[in-house]
Structures are given as C-alpha cells and as structure tokens.
Amino acid sequence: RNGTSMASVASLSASLQQRVSAALAAAVPSATGADPLLRRSDRADFQANGVLGLAKRQKADPRVLAAEVAAALPTAGGAGADGDDTIAAVEVSGPGFLNITVSDAAITRNLAARAADDRLGVPLKEHPGTTVVDYAQPNVAKEMHVGHLRSSVIGDAIVKILEFGGEQVVRRHHIGDWGTQFGMLVQYLIEHPHELDHSEDEGDTGEASMSRLDRTYKASGALFRSDEAFKERARRRVVDLQAGDPETVALWQRFVDESKIYFDSVYRKLDIEIRDEDIVGESGYNDMLVETCDLLEKSGVAVWSNGALCVFFDDIKGKDGEPVPLIVRKTDGGFGYAATDLSAIRNRTGDLHADTLLYVVDVRQSLHFRMVFETARRAGWLTDEVTARHLPFGTLLGKDGKPFKTRAGESVKLEDLLDEAVQRATAVVREKGEKIGLTEEEITANGVQVGIGAVKYADLSTSLGRDYVFDLDRMVSLNGDTSVYVQYAYARTRSIFRKAGEGQRAVAHPELPLEAAERALGLHLDAFGDTLAEVAGVYEPHRLASYLFHLASLFTTFYEQCPVLTADGGPAQVENRLFLCDVTARTLRQGLWLLGIRAPERL
Ligand code: ARG
C-alpha cells in the first residue's frame, strides 16, 4: 500500500493523507516500506502511530525517534520545505505519536484540483482486472423475495463502485431457470395449453404475469403431488428439456419470458438496470454439465457414492459425524445447482478470463459456495491467480426480530414493500415540499427517489453479513443515518446556488484561512477517492454509505456555523464557501449514484 501512495505523490489526485504519508516515509529513510499508520484524528488533522513499531524494531526510544521524525518533516516555512506548505505543524504526543496539522491552503488547493476534474480526482486503478459479479438472481416462475432485493441492491452498488474504479466488470444474473420443476411446468402447459394466455382483464403488467405464473405453479404442483401418472410424464419432460427437444424448450421459454416481464417491472421500480445480455441463468450452462461431471470423475475429484456423483471434504461433516458431500450428479442422473455453478466457474475463468469472481448471495448458501470453490480448486478451474468470494448477506427481519413476513405469516411481496416505502416517503416529502412550494409532480417524483433510496440505503448501510430490521419509520426519518438525510444535504447545496443567482461564482481561494467546520468538511471531501479505493478493495458498500452520512453531517455543521452568501469575510470568502458547497454537492451526488440512489434537486 505504501508503494502505491508513494507513486501517486506527485499526481493531482493524491489526497492530503497520501501526501503526508509520503512525506513521513521520506523523512525516515531507514523505515523503507514501513507503514506510517496515518489516520484522521480529532486531536490534529492526522495522527501517525508508525513510529512506535519502528522504535521497537530499531531498539530506540519512541519519543526521541518521534521528535527526530518531526524535525525532519518539511513544515510550512520551516527547514527543507522547499515551497511545500502541505504540513503546517507537527507535535509529538503520548508515547511517541505524531500529531500532524496540514495547512488551510493545502486543503483548498487539493480540493480545487479535485473540482477541476469530472471524476473529482478519484484515480483509476493502475492495474484493472476482470471481475464477474453474480447478483440479482431471482427464480423463474416464482415470486421474488426480500433476499433477491438484497442481492440486487448490494450487487448493483458493487458493480458501480468497481466500474468507477476502472475495473472490467462482467455482470451475471444467475437466474433459477432450470431444474426438475420445469418438467412439471412444461408438462402442465402441454396438457393445459391456455394456462399462460394473457386475458384482457389481467393486462400486461408485471403483477399480472406473476399471478399467471403463480397460478400455473400451484396448479401443476398440486397435480404433481396427487397424480402419479402426471408425475411420471413430468419426469420424462425434464429429460426432454435437458436434451434440448425443440417443443419442450419453446414452452420452457414461455415461462422465462413471462417471468422476465415480472422481473423487469420489479427492477424498474427498484431503479436497477438489468441488461438482457447479462442474464445467463442456470440453463445457460446446460451444455457444459456432462463434461463438467466427466472431468470431475476422471480426475478423481468426484466419486460415485450411493448412486450419486459426489465430492467429499475432510472438514465438512453433518450433525451425525457423517461427511456431507457436494452432489454434482444425482441418483436419477439429473444435474443440480452445484453442477451448474461449477460449470459457470469454468466459463467465467476459462472463457471470460476473470481474475475475481464475486457472488452476492444469502448467507444461508455459504456451505454451498465453500464446497463449490474447493471443488473448483481441486479440479484446477480456480487457480492461485483467481480470487473467488462469496459475499454473504444476512436476513431481513421484521420488527419482532424474526425473518420479515406479512402479518399472515407469508413472505412479503417485493413490489408491495417498495410501494409502501414510496408511500411513506411521499408523506414525509410532502410536508416540507408544500412549504417550499413544490408542485404535486415534484412531490411525487421526490417520493419515489426518497422511498427507493431509503430501502437501498438501509440495505447498504448495514455491514453485509448482518441481519437488519426492516423499519420504514426509521428508514425515512429525516434525522439519523438515512438516505433522506444525505439527500437533504444535497438539496440544501442546490438551494444555496439557486439563492446565489447568476452573478455569484464558486471559486477556490487558497489564500483564505479556514474555520474549523470548513477544514473538517474539506478534509473529509479530500478523502473521497481513498474511501472508494478502500470500498472497492474489500467489497463493503456500507463504508461508502457511512462516508456519505458523515459528509452530510459535516456539511450541516458547516452550514450552521459558516454563512455562505452573507459571509463576513467579503466576496472572496463567499466564493470560497460556494466552492466548498459545490465540491460537497458533486461528491454527495456521485457517492449516492454509486449506491444506486438518486439525489433530488429540491427537497
Ligand atoms: N437463484 C438463487 C436463489 O434464489 C441464487 C443464485 C445465486 N448464484 C449462484 N451462482 N448460485 O437462491
């Protein structure tokens, strides 16, 4: 990490934290490669703790060493500064910490460089790779549930963040469109040919599609359970489907198409773009299944056990102490979920040349992915050059702390949940909106952006693995860690510019001293690129959410303490504060966009 921060010292995009880090490294030539452990701090702007470890290794007194480092650092006007006035003051504290304050001018200059760039000075990755993100994978002919919501929202944010950093991203929607249930569905459709017909009164909405599918699913399931002869015909139909029989495939396709109408309507509501070419469901790997199993068998990675082709693991056992295998081919000759996922890995590493595979999937599938990855490693489809990560997410809970259900105990329909969020958000937006004279149209549009934003933000602001409670009241609250709080901060910046009018410009004035609230805001703005690099490295969007929330609160403090248009320091100070508002606005909007959340101009 040190290496990269050193390399970017001279570049426009280096943050103050990187510049100070580099200065520290240069001040202690004997510490080559050691991390100065520089952090933002409340005491000064930054605190460096790296001297402690260095002193230990060099058997030196940490306070003495710290003082030496402090003396060697170029400070404004001091020795060795060479016109570099980044660091204003250094002070030794505690057992050998360094408290470092940067100059006001350095903050403003750094922000000015960011403002001049439409990427806000966020650098592109030096060596981008190819990452396949497997997310938003609902199941054909079935209702989407809250788990699909989480996968979609988190996956969409990760895709956007990685792409913004310059990574080559391949999106994969591994929808559940294959398996024995399709034998049953297709057979039922053959015997009840009008089942999926679009009747006039139902229309062509996503909801109508889902209700047709649901009806067919239930009816065929009932028949499957009660009628042995139908069951047998359904079983034979699966074989036809897997063999690619044209009539069977055409009927199967009707289920897929009908489902896509429904998925589309939910994703449109969710404001998430799903491109058709990225939908490669389980069926997309059908042609590889036989070969995948053959390769596993020939290499000895999989063995036949009780009539099924299995992979065993020393450390994976059931409650009874018996090994739990990964079943790649079932006793009846059918292929399951695991064979499909293994084939998908072969495709993603072998054909798409991905070096990173990410799976945004419910934590309950952790064991599945552990076994699949291990199998793929043994088979050589995952090598040391490839990272495969399951990014497991937790369960959405109701207020009672149990998995989120309707009062009747049924799983909640995603569309109902989104509609309710929009409804609540609209009520919140209306209250303020009427005061600032928004039209009914604007209130409606804002309600959608705030409501959908609230659902996404609640999802993204919780660290991935954790369960969280779906609480709409909290999610649309104006005070608290919510998207609407962040959206308000953005709208406030816009309103300042509307009030400022044409004549006023946003101009950076590095010669002006900054107030405490301006410095805090400026330093945080300057850390946007560092935050994004970190988020992209660990795949944790909640860090971006918390960055944005913090930014919104720092802006609120700034707004309360530093009048913008009536600044008493004269026209230059007005321009400089407008400049801070402008960089804040752009950072908030870009950051929210990366989380898939829109920012209304007037709220
Ligand atoms: N369709 C699955 C489900 O609804 C999720 C698929 C996850 N992706 C994968 N490659 N297995 O649970």
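Visitor: What percentage of the residues of the chain count as buried, and what makes a residue buried?

Guide: Of the 603 residues, 42% count as buried. A residue is called buried if 20 or more other C-beta atoms, placed from the backbone, lie within 10 Å of its own, exposed if 12 or fewer do, and partly exposed in between. This is a predicted model, in which local features need pLDDT of at least 70 and side-chain atom pairs count only at pLDDT 80 or more, while totals for chains, interfaces and linings use all residues. Residues are numbered from 1 along each chain as its sequence is written.

Visitor: How many helices and strands does the chain have, and what makes a run a helix or a strand?

Guide: The chain has 21 helices and 13 strands.

Visitor: Which residues of helix α11 are buried?

Guide: In α11, residues 289–298, the buried residues are Leu 289, Thr 292 and Leu 296.

Visitor: Why are they said to be on the same side of α11?

Guide: They cover an arc of only 65 degrees around the axis, and therefore lie on the same side of α11; the arc is that of the directions from the helix axis to the C-beta atoms. The face turned away from that buried side carries the exposed residues Glu 291, Asp 294 and Lys 298.

Visitor: What covers the buried residues of α11?

Guide: The cover includes β9 (326–329), α12 (337–351) and α13 (366–379). Two residues are in contact if their C-beta atoms, placed from the backbone, lie within 7 Å.

Visitor: Which residues surround the ligand, and what makes a residue near to a molecule?

Guide: The ligand is surrounded by Asp 134, Gln 137, Asn 139, His 174, Gly 176, Asp 341, Tyr 359 and Val 361. A residue is near a molecule if its C-beta atom, placed from the backbone, lies within 6 Å of it.

Visitor: How many residues of that shell are nonpolar, polar and charged?

Guide: The shell has two nonpolar, four polar and two charged residues. Asp, Glu, Lys and Arg count as charged; Ala, Val, Leu, Ile, Met, Phe, Trp, Tyr, Cys and Pro count as nonpolar; the others, Gly among them, count as polar.

Visitor: Where does UniProt place the 'HIGH' region?

Guide: The unreviewed UniProt entry places this short sequence motif at residues 138–148. Over residues 138–148 the chain is 27% helix and 0% strand.

Note on methods
Helices (H or I, at least four residues) and strands (E, at least two) are DSSP runs, numbered from the N terminus. UniProt positions are given in the numbering used here, feature names are shortened, and annotations may be inferred rather than shown by experiment.
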